Amino acid sequence: MHDENNMATAARKIKFRETQIEMAHGAGGKASRRLVEGLFAPLLYGASQGPLADAAHIQINGTRVAVTTDSFVVKPLRFPGGSIGELAINGTVNDLAVSGAKAEAIVVTFILEAGLPTDILEAEVRAMGQAAERAGVVIAGGDTKVVEHGHADGMYITTAGIGRPLPGVEISPRSVRVGDKVLLSGPIGDHGITILLARGDLDLEAELQSDTRSVLPLVQALVRDAGAGVRWMRDPTRGGVATSLNELARDCGLGIVLFEEKIPIRDGVRGACELLGLDPLHIANEGQFLAIVGAEHAEAALSALHNTPGGEAAVVIGEVREQPESAVLVATLYGGTRMVDMLVGDPLPRIC
Amino acid sequence: MKFVDEFRAPELIAKAGEEIRRLAAANRHYRIMEVCGGHTHAIYRFGLKDLLPENVELIHGPGCPVCVLPMGRIDDGLSLAAQENFIFAAFGDMMRVPGTHGSPLEYKARGMDVRIVYSPADALKLARNNPEKHVMFFAIGFETTAPSTALTLMRAKAEGLKNFSVFCNHIVITPALRAIIDAPDMVLDGFVGPGHVSTVIGCQPYQWIAEEAGKPVVVSGFEPLDILQSIVMLLRQLNAGEARVENQYKRVVAWEGNPAAIRAMDEVFELRSEFEWRGLGFIPQSAYQLRSSYAQWDAEQRFTVPGVRVTDPKAAQCGEVLRGVLKPAQCRLFGRECTPEQPVGALMVSSEGSCAAHYNYGHLKPITISSAAAAR
């Protein structure tokens with residue numbers, strides 16, 4: 001039996017044709033999708049299991065549990081509004097939350113660079129503990145590896161999380177229907193632009209903070225009041241809102257139309273994006289989520305978010321249409337339109 | 001946001017769109033080239049095409065310096081990056097542009113020291129902070145970025161900094177316009193003139209387009225209202241049978257340009273006898289090189305450069321698209337062999353290239369959005 005399985009895996013063909021791994025393969029956009037769909041999925045994951053999501057729901061002895069894993073690689077380790085430790089917990093909680101599950105336990109692996117000052121490590125471990133407490137999740141175990149000086153940018157953190165499905169909600173891109181509304185929990189781009197500016201190469205300053213937080217309370221409120229109408233959720237991290245919605249559009253075959261004037265963006269983010277030639281729709285977020293909600297549930301969904309602390313700025317930014325098939329379209333302020341694709345590689349500033 | 005929102009006010013945009021539709025004579029077809037890649041990007045990003053009547057056609061010009069840079073120049077620049085203790089510095093714009101053996105980002109992934117800088121002065125700072133290494137700034141851009149390269153070189157000379165050089169690919173806009181206007185298949189009626197370039201060179205250098213070629217030029221800003229207003233100004237001239245150079249971007253562009261910037265360029269640069277443009281071929285006196293008084297900081301003089309020549313793939317029809325004879329989607333390779341991730345031709349390379357802009361932002365097929373407005 002074992003041998004047969006091994007042979008089946010060995011015979012599987014991969015579609016990934018690139019000769020080496022580039023930074024873009026980790027940036028969350030098109031290249032990442034090519035790697036996952038072209039290499040990981042065919043070798044490790046049966047094609048019959050449906051679209052890939054932030055977390056997988058599996059059955060163990062008849063009980064459904066949600067599992068996820070994530071790695072955190074960020075420079076600098078601390079930035080306005082958060083740090084890598086806090087990010088690791090919130091990111092894991094959020095991946096489970098948008099799959100429709102409440103995080104129960106997280107295990108953590110630290111990859112530490114030799115020479116890392118202990119007080120920096122201590123600060124991050126404390127930040128993780130606090131974030132876990134806020135999110136109501138237990139840190140159940142972990143592992144530590146140390147690599148030579150000059151590697152791992154101080155530290156990398158990898159997590160795995162396990163969660164309990166929230167009752168009354170079923171998340172699947174296949175359940176998305178024409179006429180459904182696109183909800184966004186708050187302003188976009190804060191995290192990505194904060195990190196870009198915190199690196200200090202730009203000589204730009206703005207009153208911005210990372211938006212890192214657990215979105216679980218918002219998701220719980222949404223599911224409680226509009227659960228039957230919630231079709232799909234995603235936290236638009238790397239690759240931003242544009243990439244998350246393009247993935248959805250491809251998975252459900254429908255068109256997503258966004259109304260530009262409805263998309264909340266802070267002035268600091270807008271200004272930095274204008275200067276650097278970046279599209280806020282491609283910038284990473286760490287404390288927002290998108291939801292597709294049936295039109296008849298949209299009002300209940302919005303008021304659920306508005307009445308939950310941190311959800312005051314939630315807004316309907318668009319809706320699902322038949323056209324453009326499998327793509328995302330933005331209706332501009334002026335009645336014009338433009339297509340918005342996934343991010344290609346890392347966002348790079350344009351100068352000339 | 002100040003100085004931005006005023007030029008994006010929907011009611012003003014709607015008015016300008018109406019004015020364009022009123023001015024566009026039903027029996028005429030207007031072909032207007034926006035010269036600058038920044039304009040192309042803005043036109044797609046704000047969906048301005050949808051506001052124009054069918055007989056006002058925008059054609060995307062050669063004003064994207066990344067797009068028109070021949071692959072051989074990238075190969076030459078990157079060939080130097082393999083040396084020991086060498087830092088290759090360039091703008092983010094360059095990082096994904098493919099050479100024969102990969103883009104600067106791919107070289108970086110293979111372990112070469114490739115850095116993204118935000119200005120030539122940052123590259124100079126790298127040289128100061130890394131005295132044991134050589135820092136080469138791979139300079140690109142029109143007269144927009146050339147003055148900052150010039151000022152950086154003047155500073156390097158004043159400081160006597162020995163571990164810094166520039167691989168100069170700075171190009172000049174007007175010879176490219178002449179190549180387009182002089183082409184036998186020239187179809188254009190008028191030009192939306194480049195905004196940033198004109199802040200440096202002013203409006204005078206376009207005078208010949210009006211006088212010799214008889215085509216109007218309106219130097220334009222980059223906000224939606226700027227671009228639409230410039231189109232209004234062009235239509236008015238065309239309807240009146242006039243051909244003048246006008247300045248819509250007065251809040252930034254002075255008629256005579258920026259004399260200090262021009263002086264700095266003149267101190268450091270001289271024109272090359274000719275330079276190759278991707279999609280357009282060799283154009284005489286269309287690019288800058290460092291003067292002999294700056295030879296010490298000229299990477300091409302200081303190092304042995306292979307002088308790679310890579311011919312553009314025959315199937316790519318970049319030249320025709322650049323001259324406005326073909327639309328991006330009419331090229332044989334568009335969206336199939338040639339995409340922003342795996343560009344074959346010049347115009348797919350940068351997000352400001354007309355093909356990349358069309359691919360990223362253009363419609364797959366026409367879609368009416370009137371029902372979207374109604375749904376709000």
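Guide: Start with a definition. The radius of gyration is taken over C-alpha atoms, and the globule rule is 2.2 Å times the number of residues to the power 0.38. Keep in mind that this is a predicted model.

Visitor: OK, what radius of gyration does chain A have?
Guide: Chain A has 20 Å. With 352 residues, a compact globule would have a radius near 20 Å, so chain A agrees with the rule.

Visitor: What box do the C-alpha atoms of chain A fill?
Guide: Roughly 60 × 55 × 45 Å, taken along the principal axes.

Visitor: How much of chain A counts as buried?
Guide: Of its 352 residues, 50% do.

Visitor: How many helices and strands in chain A?
Guide: Chain A has 9 helices and 14 strands.

Visitor: Which domains is chain A divided into?
Guide: Domain 1 covers 54-165, and domain 2 covers 173-339. Their C-alpha centres lie 23 Å apart. The contact between them takes 22 residues from domain 1 of chain A and 20 residues from domain 2 of chain A.

Visitor: Which elements sit on the domain 1 side?
Guide: Helix 3 (84-98), strand 5 (101-113) and helix 4 (118-135) of chain A each give two or more residues to the side that touches domain 2. Helix 3 of chain A has the largest share, 9 residues.

Visitor: What's that side made of, by class?
Guide: On the side of domain 1 of chain A that touches domain 2, there are 10 nonpolar, 6 polar and 6 charged residues.

Visitor: Switching topic. How many residues does each chain give to the contact between chain A and chain B?
Guide: Chain A gives 34 residues and chain B gives 43 residues. In chain A, strand 10 (255-259), helix 8 (267-276), strand 13 (328-331) and strand 14 (337-339) each supply at least two. Helix 8 of chain A gives the most, with 4 residues.

Visitor: And the classes there?
Guide: The side of chain A that touches chain B has 16 nonpolar, 8 polar and 10 charged residues.

Visitor: What scores does the predictor give the complex?
Guide: An ipTM of 0.78 and a pTM of 0.86.

Visitor: Where in chain B is the pLDDT below 50?
Guide: Chain B averages a pLDDT of 90, and 96% of the residues score at least 70. Over residues 365-376 of chain B, though, the pLDDT is below 50. That stretch has 13 contacts in the model beyond near neighbours in sequence.

Notes:
Residues numbered from 1 in each chain as written. Chains lettered and ligands numbered in written order. Predicted model: local features only at pLDDT ≥ 70, side-chain atom pairs only at ≥ 80, totals over all residues. Domains from an automatic or database assignment. Contact = placed C-beta atoms within 7 Å. Nonpolar A, V, L, I, M, F, W, Y, C, P; charged D, E, K, R; others polar. pLDDT = per-residue confidence, 0-100. Buried ≥ 20, exposed ≤ 12 C-beta atoms within 10 Å, placed from the backbone.
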